[in-house]
Amino acid sequence: MLIFNMECPSGLRRLSLFFLLGAASSSVLSPRDPVPDGIVAAPYYPTPYGGWADDWSESYEKAINLVSQMTLAEKVNITAGTGLYMGPCVGNTGSVPRLGIPSLCLQDGPLGVRTTDNITAFPAGITTGATFNKELIYERGVAIGQEFRGKGCNFYLGPTVGPLGRKPRGGRNWEGFGADPVLQAKAGSQMIRGVQDQGVIATLKHLIGNEQELYRMYQLNVQQAYSSNIDDRSIHELYLWPFAEGVHAGVGSIMASYNAINGSAASQNSYIINGLLKDELGFQGFIMTDWLAQISGVASALAGLDMSMPGDTVGNNIPLLGYSNWMYELTRSVLNGSVPVDRLNDMATRVVATWYQLGQDQDYPPPNFSSNTADRVGPLYPGALFSPSGVVNQYVNVQADHKVVAKQVAQEAITLLKNNGSFLPLSTSSPLFVFGTDAQANPQGINSCTDKSCNRGLLGMGWGSGSASYPYLDDPISSLRRKAANVTYHATDSFPSVPASTSEDVAIVFVSSDSGENSYTVENNHGDRDADGLTLWHGGDELIQRAAEAYSNVVVVIHTVGPVTMEPWIHLDSVKAVLVAHLPGQEAGDSLTEVLFGEASPSGHLPYSIPVSEDDYPASVGLVATPTLSQIQDTYAEGLYIDYRHLNKEGIKPRFAFGHGLSYASLSFSNASIAAVTALSAAPPPRPAKPASPVAGLNATIPAAAEAYFPAGFDRIWRYLYSWLPSNEADAAYAVGSAGSAAYPYPDGYSSVQKSRAPPAGGPNGGNPALWDVAYTLRVTVTNDAAARFAGKAVAQAYVQFPAGTPFDTPVIQLRDFAKTADAIAPGASATLELSLSRKDLSVWDVVAQNWVVPAPRGRYSVWVGGASDDTPVVCYTDTLECEVGVAGPV
């Protein structure tokens, strides 16, 4: 989402910015860098109708009944926003009051209700992924859903599963759950279920290839967004995988990415939207643009886009001046025959059906807050020069007891990387010397930087639209002082002069690495970590080194958006322990100190690898740039091999592997078993037949021009986006459409006839239902040694190794499932964890057959189970249904 500072007075907010840029809108685009050979965004038309999945049938029946009563302008009005800053939320759709459809409130962000008060600032997505706890992730979704509903938000603009984390420097990786498609998919699906069980529409984002912030957007006909050039197999096995699982979980809406994919903008890429999302994945909800991302009117409608947010655009025009590619322009395009009526019918029906599917027609609260101001009374339409005023903030407290869930997520994510000699946990009586500004709340105020666009004090979340305002911040130094008897704090990132230390003294060094959205530049980092790379910010490496020279016992605590290199200090004898606390949100203090002092054992695991050197990654995952204003080509030459997949393939040992995480408990695996559930064939059973859609029964003739007229005497608000047209303009458009004499220059491959053949891999709600058939289940016992001093939760991670001789190139191992014990395992006690593998987990995408295939149905798949990708002491075989324990893993 593109975001702007809202400090200007109402009616003038950021207009100056756009007027300054206005001259650029008439500039000529530079030719784009050549799209590589073999990269193509194939045309896929028309948009498949929704409404053919059984579990959506009742909602579509209601929606069809309502849409059939709508005028042209009413249908159009619910497919777009009313304009930037033209309502209480970051996005506000038009309404149909005559039929009881209100303006719908779309609101950020992935970790809490953004730009408002009395909410919970939850740990970020990357922190959530590090818990490896599906049940806890669901509970986080429930709590977030309750807060969004309590504030009157119809939409939760999350979760984020794109970016996937392909680029370690990527600015928004922290909004997602980790650098693996299965981790992203399972975490994202749990979030969707939790949020939508509260009646809030989840919005899975960003589809797809939004792996870099720099040059992500089309800008005023001057700068084209970069093109993510991804091969078919990598799309399916990596980047689309979490979206397929989200659709399978029933997600109501999806947000397109800013960038282009294979040369075509994501919000009007017919192959991605029509072909993959709506036909192959059988998505029944609707897809929206990211904010201000729409770059065309007719083309985006034909390509399958259903909603334009926030209604205006920066892609090909200047926002805040009342221009829209849709709203009144979409009305015109339907009247003149450019956009078929049945496409508009499908758009409107998808929106209304989703509204019904989540039960929002029954007693759903309206917004009770403003994302534009903290004042109680203010302008109702802040983007207008002249706006009526009213009560815009009711200060409703929606926190309930959600701090409990927030703290548990923060704590279960804490990842112990190193603990030499079991140095941790500490005694509360030890003399503690704390260094680094990251230990304390921002001294200028916990919310003093707009959208967290500074790294000052504790790093609890990255910056941009994925952030939220802290209601309070429990910082580590306050918690340390509450719990320990002797704490000295040096609030500096430059090592100070200190007295000579003793062998009892412990130095705790807090360091960080930040990133965020490209709408802000922070310490020369333009969203991505382009300036600082994977090094610690504020001289963190030197701070640790200096502390290690002065103290014989050093504990390092890292708050970070992603991997950081540690080679300058990780081997130092004085550095006894290293913890990654990720981005903990408001509960940063006690969640950490309870681990430091042994009240809880760390149970987090890395959701990415930490390399020895940034050079260990493939060159193709670096940030891309261009000296011109052309479209940058970002080609995914590494294919399937990102993060641990690449390191394993090349035999490169990371500093800490994906999934790594130590415990104070002494945990071991035993008694493993595997059972076959569903017999596998090379190809899945045929997909179910695709039934007719009720959308086809709606009237598809061009309506009368009068359906688009502005109501007589209507008092317009300047810059507010309306779906009506002046009567003379509506009449002129209708004359063209009814005559059929002026043919629109439709794109190559365009057809208005619904396809009679459905993709073989397709099906309702994520694809062929057979892909989710359980092929194998596994059980493994985890025991905490009787001599252990501490209880601890255990995580089992299941990695699949494809049979030798498979005719497809496959990574050495791939994460396919994980499970975590519900309770900490006491010394001498055991717990059993269950894992499962689906048909899809054992399949590859066959680019020729255009289907998921099991390469060796009766071959030996090795399922490696352990506590990290490089620590898998258990292996089970699918051919013999036998398991071994205490074996060396494949990496």
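Guide: Hi! One definition before we start: helices (H or I, at least four residues) and strands (E, at least two) are DSSP runs, numbered from the N terminus. Also, this is a predicted model.

Visitor: Good to know. Where is Asp451, then?

Guide: Asp451 is in the loop between β13 (432–435) and α14 (476–483).

Visitor: Is Asp451 buried or exposed?

Guide: Asp451 counts as buried, because its relative accessibility is 12% and the cut-off for buried is under 20%.

Visitor: And which side chain does Asp451 have a polar contact with?

Guide: That would be Arg114: the two side chains are joined by a polar contact of 3.1 Å.

Visitor: Let's zoom out. How many helices and strands does the chain have?

Guide: There are 18 helices and 28 strands in the chain.

Visitor: What share of the residues is buried?

Guide: Of the 891 residues in the chain, 65% are buried. As for the accessible surface, the chain has about 28700 Å², and carbon and sulfur atoms account for 51% of that.

Visitor: What about contacts between residues at least 24 apart?

Guide: Taking contacts between residues at least 6 apart in sequence, 78% join residues at least 24 apart.

Visitor: Which residue with a positive phi follows α11?

Guide: Gly337 does, and its phi is near 85°.

Visitor: Sheets next. In what order do the 5 strands of the open sheet come?

Guide: The order is β22-β21-β26-β27-β28, and the pairing is antiparallel. β22 (814–820) and β28 (882–885) are the edge strands; each has a single partner strand, so one side of each has no neighbour in the sheet. From one strand to the next, the twist averages 20°.

Visitor: How many bridges join β26 to β27?

Guide: There are 4 bridges between β26 (residues 862–866) and β27 (residues 874–877), and the two strands run antiparallel. Val865 stands opposite Val874 in β27.

Visitor: There's an open sheet of 4 strands too. What's the pairing there?

Guide: The pairing is mixed, with the strands in the order β8-β7-β5-β18. β8 (264–265) and β18 (633–635) stand at the edges with a single partner strand each, which means one side of each lacks a neighbour in the sheet.

Visitor: How does β7 join β8?

Guide: Through 2 bridges, with β7 (residues 260–261) and β8 running antiparallel. The bridge partner of Ala260 is Ala265 in β8.

Visitor: Last one: where is Pro627, and is Pro627 buried or exposed?

Guide: Pro627 is in the loop between α16 (590–596) and β18, and is exposed, with a relative accessible area of 86%. Its C-alpha atom is separated by 32 Å from that of Gly311, 316 residues apart along the chain.

Key:
Residues are numbered from 1 along each chain as its sequence is written. This is a predicted model: local features need pLDDT of at least 70, side-chain atom pairs count only at pLDDT 80 or more; totals for chains, interfaces and linings use all residues. Side-chain values use heavy atoms; hydrogens and water are left out. Two strands pair if DSSP finds at least two bridges between them. Axes are lines fitted to C-alpha atoms, for helices over the stretch in contact, and angles run from 0 to 180 degrees between N-to-C directions. Buried means under 20% relative accessible area, exposed over 50%, partly exposed in between (1.4 Å probe, protein chains only). Contact means heavy atoms within 4.5 Å. Accessible areas come from the Shrake-Rupley method with a 1.4 Å probe; for residues, only the protein chains shown count as cover. A polar contact is a pair of N or O atoms within 3.5 Å; within protein, one must be able to donate a hydrogen and the other to accept it, and residues adjacent in sequence count only if both atoms are side-chain atoms.
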